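Here's a quick briefing to read alongside the picture. Keep the model open and look up each residue as you go.

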Amino acid sequence: FFFLMIRRPPRSTQSRSSAASDVYKRQVHGESTRKMLGKPTTLAEARVEVDRVCKRHSCPEINLREISYEDSEKGFFEILSQLTAAPKLDPATFRDTLDLLKKTEPNHLTVIAEERATGRIVGTAALIIEQKLLRGAGRCGHIEDVVVDKGMRGKNLGKRLIDVLGELSEILGCYKVILDCEEKNVAFYNKCGYATKSVGMAKYFADDQKKANSPSGATLLVPGSSSIKPPSPKL
């Protein structure tokens, strides 16, 4: 969880009372604070913010940006295959899938880490914004599919990707942002400002049994076995 304290100039008792009443009304009636502040309500509406945040966390060697149609031929699926089973899609299917995501999942964003010198993709991570009914119609950010090329790990690239998605979650009015990881990666996420909370669970369905021996080494659900190891971020 993240706790954000904003300092404001002192106000009169009457003003404070009025402000408290406004907050109460927003919580009771589910009126979103982010809308009152004029913030974008979906990642699709936040393209300016996405570009701005990505540029700020980029560096001379690496450009962070939103995924594009050309990335299927720049090593995107080769990078994902270092995380889990990720067979390459042909360019037409890849384009159609991105278009479908933009149309039906406006709160889904994939960020790419591109090596400037070669144009090669060396990392990626995804963000999904979940709309909830609790906490006054609050929102929660989910970070998924985090992977950095094995030859680029240990260079702070994973943290750059995580920081981008965390900041965008806050911009979109999330009250928290969460992710799952293996125990060996806990120390890394602690450095990114994340704390251990609850236990992650997963259930893989029968169609994924054939992936149990995938090159990534992911162990999936097998009948009669309780062994489940979902993909873990590769940093």
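This is a predicted model: local features need pLDDT of at least 70, side-chain atom pairs count only at pLDDT 80 or more; totals for chains, interfaces and linings use all residues.

Residues are numbered from 1 along each chain as its sequence is written, and side-chain values use heavy atoms, with hydrogens and water left out.

**The whole chain**
- The protein chain has 8 helices and 5 strands; helices (H or I, at least four residues) and strands (E, at least two) are DSSP runs, numbered from the N terminus.
- Of the 235 residues, 38% are buried, where buried means under 20% relative accessible area, exposed over 50%, and partly exposed in between (1.4 Å probe, protein chains only).
- Among contacts (heavy atoms within 4.5 Å) with a separation of 6 or more, 65% join residues 24 or more positions apart.

- H3 spans residues 47-57, and its buried residues are Glu 49, Val 50, Val 53, Cys 54 and His 57.
- These residues sit on the same side of H3 because they cover an arc of only 125° around the axis, taking the directions from the helix axis to the C-beta atoms.
- On the face turned away from that buried side, you'll find the exposed residues Val 48 and Lys 55.
- The cover over the buried residues of H3 includes strand E1 (62-66), strand E2 (108-115) and helix H7 (157-171).

**The cores**
- The largest nonpolar core has 33 residues; such a core is a set of buried Ala, Val, Leu, Ile, Met, Phe, Trp, Tyr and Cys residues joined through side-chain atoms within 4.5 Å.
- H7 gives this core its largest share, 7 residues.
- Ile 143 is one of the residues with the most contacts inside the core.
- Beyond its neighbours within four places in sequence, Ile 143 touches residues including Ala 126, Ile 162, Val 177 and Tyr 194.
- There's also a second, separate core of 12 residues, with Phe 76, Ile 79, Ala 86 and Leu 98 among them.

**Lys 103, out in the open**
- Lys 103 belongs to helix H5 (residues 91-104).
- Is Lys 103 buried or exposed? Lys 103 is exposed, because its relative accessible area is 72%.
- The C-alpha atoms of Lys 103 and Ala 44 are 9.1 Å apart, although 59 residues separate the two along the chain.
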